[in-house]
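Open the structure in your viewer and keep the selection tool ready. We will go stop by stop.

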Number of protein chains: 2
Amino acid sequence: MKQFINTKENMVTEAIDGTIAASGGKLARLDGYPHIRVVVRADWDKSKVALVSGGGSGHEPAHAGFVGAGMLTAAVCGDVFASPSVDAVLAGILAVTGPAGCLLIVKNYTGDRLNFGLAAERARAFGHKVSMVIVDDDVALPDLPQARGLAGTLFVHKIAGAMAENGDDLEACTIAAERVIKASRSIGMSLDTCTVPGSVKEDRIPHGMAELGLGIHGEAGVEQVASNGAKDAIAKAIEKLASTMPSTPHVALINNLGGSSVLEMSILAHELLASPVGDRIKFVVGPAAMMTALDMHGFSVSVMELAEGDAALLGQQVACPGWPGCKPIHPIQVRPLPDGLSPIRAPASAHAPTKAFLTGCCKVLIASEDDLNALDAKSGDGDTGSTLAGAARALIDAMDTLPLADHTQLYRAIGLELSQTMGGSSGVLLAIFFAAAGDASSSGLPMREALQIGLDRMRQIGGANPGDRTMVDALMPALDALPLGLDHSAAAARAGANFTSTLTVAKAGRSAYINPDQLIGHVDPGAEAVARLFEHLAS
Amino acid sequence: MKQFINTKENMVTEAIDGTIAASGGKLARLDGYPHIRVVVRADWDKSKVALVSGGGSGHEPAHAGFVGAGMLTAAVCGDVFASPSVDAVLAGILAVTGPAGCLLIVKNYTGDRLNFGLAAERARAFGHKVSMVIVDDDVALPDLPQARGLAGTLFVHKIAGAMAENGDDLEACTIAAERVIKASRSIGMSLDTCTVPGSVKEDRIPHGMAELGLGIHGEAGVEQVASNGAKDAIAKAIEKLASTMPSTPHVALINNLGGSSVLEMSILAHELLASPVGDRIKFVVGPAAMMTALDMHGFSVSVMELAEGDAALLGQQVACPGWPGCKPIHPIQVRPLPDGLSPIRAPASAHAPTKAFLTGCCKVLIASEDDLNALDAKSGDGDTGSTLAGAARALIDAMDTLPLADHTQLYRAIGLELSQTMGGSSGVLLAIFFAAAGDASSSGLPMREALQIGLDRMRQIGGANPGDRTMVDALMPALDALPLGLDHSAAAARAGANFTSTLTVAKAGRSAYINPDQLIGHVDPGAEAVARLFEHLAS
């Protein structure tokens, strides 16, 4: 099965139960499964105007995700892409409507109009005050007599919902809903069709093309256009919207039709705000998946001209999971880069013994180039010797720029040098080793302890434990033995290096990806380098 | 182009700018484009411990979407699936770190460890207090020495972030972060690979299979398993997690890897809570796209054993768009269906003149069956006559059960009868007509006005205007002329019906989909039926 559903029959009730379970107790449902699927506010006391919406499923989080204080009171959920029955809508209305009455918010599809319409009549026969508005925000075809209801519906939910929550009466909510519908426009675009459970996915949109002006039920868009990325997609969508947008403040709602990545949606948001209508957009809702067509790889943009008070109603806090908030657009704040990105370089200073010590170590590594490469060829790409020798040559070249007389600063300077010349993971790890040692040294620790701290830090970052077949297997025993003298230290390093040739499992570093049988009998090249350095120092 | 991006080079900066622009002024960025991409809290004053995280991009909303009071202070964004540079991380640390220090939260990938690790050393060289934790919550392979960092990272962001916001010091935040890491486990599953911009999509997972134990960079999962829907997917994921979950309270985080529909994610949430570990899950985060792998059609489940105080920290309010909140799990509240779903049936009553009147009307429709079918064949599927005649026959059969002596109730009863026997849009519309007329009649309006209100309601729901080639073209003039007498009314209905034969554009009802040339010269069958009824009544 190419979807995370169980059966076509149960998918809507299971999804609703998942939504309710994850709502923190804020949602409830009516006891009408399988045919009557109505999600209601758990805290509803019928003291205010009720808002009921719904329609086919497959548009999640619409509509159950918008049930909560400040938006819908109930959502009536049909099968995927099919209107709920009259009985289901009636159950929703009767369950939540009190003396203040009920506003039905219906997307302009024949089935929804008829079923919500008849349910409204039945509810009126019980004496309930029920009004109904029909949302037709689609601008795909400018002269379409029956424009579809798309994500602009959410403006209606939000503004009428905030008013109802604030205690406005049914007439005021209905008038506002009608006004919002008139002020709202939407257009959708998609790169692919959607996967309707139980149906074969239609392969309708050729590679390199997109559909513009589509609905939310997988039906074909009004035209196929070339697909040339995010800027072009927004330009084509805006072309349909711009002429309907007076140069007054608007709110834009950026909706993921279900299958676009969050990365793409953010790029589309960027392009919309940078587009020719961007300066008219003063508030934005999303980008987020709000009114989806299952997994459709597309988006829709809805715009609404703002009237006085709308911004406050759109911004009012709500308690429903689907609403991502409505945010004012501010220019992007760009802060200066902090000082200190260029590493601190201590002033050069001369110190002959230190220069000789360092140069000697470097020469050991240079002389070991071929041997270490040969060892590395057993477990890696055979360049450990060249990497270390290259770094050693660079250090010799840089010797007279180093703070040789200030050992604390010298650690850090060597770390910096290695991070810039050595490259790769080992360069960064040795840079961390020396930087941490320098840090410890600057706080007054003696050399051995400073080096120990460098090793600890390198191990934390590199993740290598003793026995993992890395340079740690030589360096750790060498530092442990240092209080006993360099001879002991060198012997410990050598023993540790030799020990790596017995290890068949490599758990860190590159050799982790090598067949264990290939490793046996070969010393790890990093451990060998450490052993040779300590043997040089002891000699 | 099969994605809403512009160029591979600019996609990360454009996405970040979109995120910041849609943040309502809560986010800012450093002036380091194109290489240094750091998103910071716009309101940050360095008075508390700073939390810095990040890594490769392509995981949106991670990490920029989690920057805000109560979670991250800064997010450092690399290229898609590539670690940010040491300089970028250092810029992030230096930009937000004050005397309280900085906690780095790093997912366990070599590049991130090294680059964040070295940046930490550099920042320490400036005297900053910096600690670093490495998240390794993946349980794909139980003995993996270097488990990956997955969506469990968000538990660390949230708990350490809440503590930092509450004024806890760096040590306390670091200890808590380490504890949360030890308590967190994640497993991922996907039905398809992801689309990496600029790369050909790998077709790795055969139809009917899924990958279990995958990372968030498109790398292969540790095993391919049969895919048998949502319950099975959760069972397989739980198999990996259950043994690591003591029977104490846990929080679960249900993460969309990017390409799963909201419907599927809700079903997965339902299955997780209904699974054998469901009773251990006391809080849930999501389902939502939080740590994605671009557009991967998959999910991950992260669980964390709750320690004292964790629930409060997880539930603490945050100001960042990516966090969907952490909700307590309550049993699903199921409310009884409201009374009144069975329509109110007024008691039958006899009234000979009304019975004769109604029966006569029905007989007109029955006699017209063939004519109306023939007219409908020009513009529809040729069944209008049979539909109306069938309803008329059913009404005659039901005559003795109707409240014939109570005209107000009779309207409603006819409406109910039609909605149950007639079917289709026209049945619902006529039901609405009679129900609304009955409603109006019950509030004391005379017959003509009640019928007018029925017509208005039917037009609102059906969307038909005069000239749209529907029964409205005959019914509206007939009702308008009623005060002048039935003769005038019948003449007006006939004129209206005949007028429909001149209409080439149908804007409502089924004929809207017919070629206009096919319509000319033919009367609309619904309008013809109305004309015949009024002609009968006038005769």
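**Stop 1**

Select Leu272(B). Leu272(B) touches Ile234(B), Ile238(B), Ala252(B), Ile254(B), Val277(B), Gly278(B), Ile281(B) and Val301(B), leaving aside residues up to four places away in sequence. Contact here means heavy atoms within 4.5 Å. A second, separate core of 94 residues includes Leu268(A), Val301(A), Leu27(B) and Val180(B). A nonpolar core is a set of buried Ala, Val, Leu, Ile, Met, Phe, Trp, Tyr and Cys residues joined through side-chain atoms within 4.5 Å. Buried means under 20% relative accessible area, exposed over 50%, partly exposed in between (1.4 Å probe, protein chains only).

This is a predicted model: local features need pLDDT of at least 70, side-chain atom pairs count only at pLDDT 80 or more, and totals for chains, interfaces and linings use all residues. Residues are numbered from 1 along each chain as its sequence is written, chains are lettered from A and ligands numbered from 1 in the order written, and side-chain values use heavy atoms, without hydrogens and water.

**Stop 2: Leu537(B)**

Is Leu537(B) buried or partly exposed? Leu537(B) counts as partly exposed because its relative accessibility is 23%.

**Stop 3: where the chains meet**

Show both chains. Chain A gives 119 residues to the contact, and chain B gives 119 residues. Pick Arg457(B) and Glu121(A): they form a salt bridge, with the closest N and O atoms 2.6 Å apart. A salt bridge needs a side-chain nitrogen of Lys or Arg within 4 Å of a carboxyl oxygen of Asp or Glu.
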